[in-house]
Amino acid sequence: MNFIILAITGVIGATLTFYVSEQLNQGVVRGSALLSLIVGLFFYCFPEVLDVYLTKNIPIVFIGTSFIGMASPKGQKHYLLLAISGILFSLVYINKSHFFNGYGGALGTLACITLLTSMAFSHAYSKKSKIISEIILIKNKIFCRNK
């Protein structure tokens, strides 16, 4: 249940930041900072709304996924890619190693990795991708020699 709540937080954080920065013309820094401040202040002022785990982790996941929403609109085709990146961020955040505790830049690095991963999958599975056409060509050469 906690993963579902954090995944929804991830989707909302990424897509809402992108919406505020692009559609409402607030800019990426202002959009991310404003939304992160609202979420952080809400859980600071009302810590008993949810259990302790979610009260601690929802603002962190939201801030991290707001970094995903700061991506350039030139690289983003639609909001689905941002939503997938938000879910992937939440999944990796929950399963991250505690080895890196105390090191700075973890949320930004994780946001970059998840956004690039979702963009790579999107490009690899698009109809215009040369990767897919090359794989199909190689498969046809290997398995269809008798035809």
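**Exercise 1. In which helix is the place of S32?**

Solution. The structure is a predicted model. Step one is to locate the element: S32 lies in helix α2, which covers residues 28-45. Step two is to consider the confidence there: α2 has the highest mean in the chain, at 94.

**Exercise 2. Determine whether S32 is buried or exposed.**

Solution. First, take the relative accessible area of S32, which is 5%. Next, apply the cut-off: a residue counts as buried under 20%. S32 is therefore buried, because its 5% falls under 20%.

**Exercise 3. Identify the residues in contact with S32, leaving aside its neighbours within four places in sequence.**

Solution. With those neighbours set aside, the contacts of S32 are T17, S66, F67 and M70. For the chain, consider the contacts with a separation of 6 or more: 72% of them join residues 24 or more positions apart.

**Exercise 4. Describe the elements of the chain and the confidence in them.**

Solution. Begin with the count: the chain has six helices and zero strands. Their order from the N terminus is α-α-α-α-α-α. Then turn to confidence: the mean pLDDT of the chain is 85, and 89% of its residues reach 70 or more. The lowest mean, 75, belongs to helix α6, residues 130-143.

**Exercise 5. State the accessible surface of the chain and the share of carbon and sulfur atoms.**

Solution. The accessible surface comes to about 9800 Å². Of this surface, 70% belongs to carbon and sulfur atoms.

Notes. Residues are numbered from 1 along each chain as its sequence is written. This is a predicted model: local features need pLDDT of at least 70, side-chain atom pairs count only at pLDDT 80 or more; totals for chains, interfaces and linings use all residues. Side-chain values use heavy atoms; hydrogens and water are left out. Helices (H or I, at least four residues) and strands (E, at least two) are DSSP runs, numbered from the N terminus. Buried means under 20% relative accessible area, exposed over 50%, partly exposed in between (1.4 Å probe, protein chains only). Contact means heavy atoms within 4.5 Å. pLDDT is the predictor's confidence in each residue, from 0 to 100. Accessible areas come from the Shrake-Rupley method with a 1.4 Å probe; for residues, only the protein chains shown count as cover.
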